[in-house]
Number of protein chains: 2
Amino acid sequence: MARIFQKAIQLKSTLRYTQVSSTHRLALTNSPFTIATSHFYPSRCNTRNLTTKNAEGPKSSPPERLPFTRVTKEDLDFFRSILPGRTITDPDLLESSNVDWLKSVRGSSEVLLRPQTTAEVSQILRYCNSRNLAVNPQGGNTGLVGGSVPVYDEIILSTALMNKVLSFDHVSGIVTCQAGCVLESLSQYLEERDYIMPLDLGAKGSCHIGGNVATNAGGLRLLRYGSLRGTVLGLEVVFADGRVLDCLATLRKDNTGYDLKQLFIGSEGTLGVITAVSVLCPRKPKSVNVVFLGCGTFENLLKTFQLCRGMLGEILSAFEFLDSECMRLLNTHLKLSNPISDCPFYIVIETAGSDPNHDSEKLHNFLDEAMNAALVTDGTVATEESKIKALWSMRERVTEALTHDGFTYKYDISLPVELIYRLVLDMRQHLGDRARSVVGYGHVGDGNLHLNITSPAKDPALLAAIEPFVYEWTAQRRGSISAEHGLGLKKRNYIYYSKSSQAVTLMGDIKHMLDPKGILNPYKTLPDHLT
Amino acid sequence: MARIFQKAIQLKSTLRYTQVSSTHRLALTNSPFTIATSHFYPSRCNTRNLTTKNAEGPKSSPPERLPFTRVTKEDLDFFRSILPGRTITDPDLLESSNVDWLKSVRGSSEVLLRPQTTAEVSQILRYCNSRNLAVNPQGGNTGLVGGSVPVYDEIILSTALMNKVLSFDHVSGIVTCQAGCVLESLSQYLEERDYIMPLDLGAKGSCHIGGNVATNAGGLRLLRYGSLRGTVLGLEVVFADGRVLDCLATLRKDNTGYDLKQLFIGSEGTLGVITAVSVLCPRKPKSVNVVFLGCGTFENLLKTFQLCRGMLGEILSAFEFLDSECMRLLNTHLKLSNPISDCPFYIVIETAGSDPNHDSEKLHNFLDEAMNAALVTDGTVATEESKIKALWSMRERVTEALTHDGFTYKYDISLPVELIYRLVLDMRQHLGDRARSVVGYGHVGDGNLHLNITSPAKDPALLAAIEPFVYEWTAQRRGSISAEHGLGLKKRNYIYYSKSSQAVTLMGDIKHMLDPKGILNPYKTLPDHLT
């Protein structure tokens, strides 16, 4: 990267090697954040007419407990007989599984089951289905929409002990593993074998690959390697009634009938429990560069994106952004210092390629052009792993910084890329001084904005100002009210802002077909009332 | 490309610029091929026990006509009222829609409907469903498994007049169009706007994008841009009962509920009629190179593939092969001359990148290494479009050459890449001199073999020697008996070789949920008897 640096210093703005501390990516365990006092995330009564015909407005009240059976001593005896030592009922041990990472949703489950095999998952579900016991499948519990914790007393079915790599084909790069493998562990396993996982996200230290697939996680590499719908080649799934569906293929192509695994990708554990996955992994790049740039306007940021796509082409692997408000929170709450001069917008660009010299030359040419055209005003580049991680942390730790800023209202919006920041500006104007902070960051390359609004404490009046404004704004522009986080418990009733009632009805039919008693992850993903 | 050439001639083998005639890719219309005399593709009685429990063996007889209503004069009057001038009943005009491209399946439909709008498709299906009239949705009719023509008297519902581009976003590269757009026309439209379609296949001059999506077409660019499951962002689909499902999103990310469009991708028109699609398109590469290489052994071909993946990395866009038998057929039947010296195996490699100098250097380094290591023995490169097309035609016109060689038994197999040619060798040994030609070609990068066996005429004894041998061989290695062609009419009963009875049962449930009367493309995709 020396060449980039040497040439860059001749330009009107100075590119500096990153000096930020090489903090590793956010570890999600042992979070110190306080728990919100509400039992449920405070979704709001909305009486407006939705754009979709016949759709009911989202409800304010939490869903009522459905008439599932309550766990009895006999049930516990059964679970202990098949999972000796792995049937957890100690309230202290259950605590972390009953509460989501954001501490915004708390269930009251009294039993946590930790199967090790698909056969055990099958036994558990067959039993629960016959007894009408509700089940909350749980991976790393890193979800942001309350989808990974029980709402009432659902039995928690954890994949934590299903963490074995089953096979790896070094020719094709296809890995097959149990659902409970932690993403970061899988990444390390693959990197030792000259491959990488096609997805990467801030929660990688805790999240499970099964949960990633169940929520169709997006993350930082989607721009380059596409979604899990393309890279997941096979799944093994246990149905609500205990039947095991083996679609654990390891083939790039297979057009023999309907692609059933797609039903379970992104269904948030409501249609079946994913027990194993096979994933097509890209080769480990021989050269990785990360650039942190400053921009004066969002318009220039978009122009930089377009220039970047043209000039970096096939080596572009991420194009992320954060605004100056995010930087302020990183400075204030996490003591992370800005590696460049203050700007309204910051960009994180990652390149990954097979030839360090070519990549370096492409990157330099792009930076040269971007600075000559005054699209960016300052920047720094990193090629060493620790410095790359440090630059990435400026983007990845925004979520953590927000939790220190107060109660956070989180939105994960998909829009045509040219519109994504307009929502932040409109929201700021709309809220005036009612919010403490209104910040925007996210995946420019995917048209995915993370809009976050904080206040000193939970504030129903503020929420009433945010919603349905944010959803209506998005729906009017045919955006998605959940780009990558899913709907879970918190957003289930907002589905009609992005999907027609026809579509939601069909989703309900699919749910009924696969889980007629509705025992799998109840109160999640689908709205309380199907229209 | 001069640099590659100049350096290459110093190496022990000579790389020559391609001299083959610049024949354009195979046009599928006006095919001169004769029609097989059989009414149906001769599937064979198979009494063996399949590996899947409870699965019945594939049946020899064609499926019996199901008790659908026969079209009456009143029905025609109705169709003429909503599609004046576009309700075709002239047998001569119906001829080409009743027969598949391979001339291996012939239906006897008496009416062809040519709607122009989604509303018209909806009206047609609502009417047909209420009258219990069976419908065969038809795109470009280029399928190879008898999925795109009627089996009996099903009404043919053609998308040929639904050929409008609805929108194109030049920032995101997302195109939205009606289902009847011809792939090549779409490609041209996009190339004029500096983008390309993420899929390309030999039938591009005739096939419709709706048919591509309905069959989850693979083709030549899958290695680089992934499958349609990732690149198709939205669909509009009309259900059997005429309801319209609008999932025509133009967002890269949308996790609001189940991804319904996936149900229809690859379902071969049996679950709904696709009327519009939106597709995420890659930027048009600034530099494209095609290399045609010769290899002495398949082992060396695989080593060349591995070397190529490492050295060409992100610019590799296709890695295809054909064997010497394919070359013989190209020479004999199409008078295409071998652009290099005779070899047992030929490779077509395409690179696509953003920097011509970098691509050229990567390609040269790779060729240098491949020849120094004696992995390839001869080769030629092309950078000009006409020469690129000429080299590609050596791979793409194998299908056409085969039709001149006699009656062709076609197999489209997915396997771990290291096994794909072993099937050709084993089949040759197994058949001895009973076949005229046994040839192998296909997509090495995807582990997808096209195995084709010819004989002077239809030969039940030969077929009995091929099947179930080919399916058992594939199933024993956990391969797929249809990588990209689908199951259609011809292979519907072989599904159990690649899918469990559990999976097929669920497919049947999905079919019943979406098309309870079974009017959509009957006798296709699913087996005659669900177990």
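In helix α2(A), the residues A:E74, A:D75, A:F78, A:F79 and A:I82 meet A:E120, A:Q123, A:I124, A:Y127, A:C128 and A:R131 of helix α4(A). Contact here means heavy atoms within 4.5 Å. Helices are DSSP runs (H or I, at least four residues), numbered from the N terminus. By class, this contact has 6 nonpolar, 1 polar and 4 charged residues. Ala, Val, Leu, Ile, Met, Phe, Trp, Tyr, Cys and Pro count as nonpolar, Asp, Glu, Lys and Arg as charged, and the others, Gly among them, as polar.

This is a predicted model, in which local features need pLDDT of at least 70, side-chain atom pairs count only at pLDDT 80 or more, and totals for chains, interfaces and linings use all residues. Residues are numbered from 1 along each chain as its sequence is written, chains are lettered from A and ligands numbered from 1 in the order in which they are written, and side-chain values use heavy atoms, without hydrogens and water.

**Helix pairs**

The table sets out two pairs. Axes are lines fitted to C-alpha atoms, for helices over the stretch in contact, and angles run from 0 to 180 degrees between N-to-C directions.

| Helix pair | Axes come within | Crossing angle |
|---|---|---|
| α2(A) (residues 73-82) and α4(A) (residues 118-131) | 11 Å | roughly 165° |
| α12(A) (residues 356-372) and α12(B) (residues 356-372) | 11 Å | roughly 180° |

A rotation of 180° with 0.0 Å of shift along its axis superposes chain A on chain B, at an RMSD of 0.0 Å. That is the relation of a two-fold axis. The superposition is by least squares on the C-alpha atoms of residues with pLDDT of at least 70 in both copies. In chain A, A:G230 comes closest to the rotation axis, at 2.5 Å (C-alpha). Both copies use the same surface: 100% of the contact residues of chain A recur in chain B.

The contact takes 86 residues from chain A and 86 residues from chain B. Between them the chains bury about 6,800 Å², 53% of it on carbon and sulfur atoms. Buried area is the accessible area (1.4 Å probe) that two parts lose on being put together, summed over both. In chain A, A:K253, A:N255 and A:Y258 lose the most area to chain B, together 15% of what that side buries.

Definitions and conventions
Helices (H or I, at least four residues) and strands (E, at least two) are DSSP runs, numbered from the N terminus.
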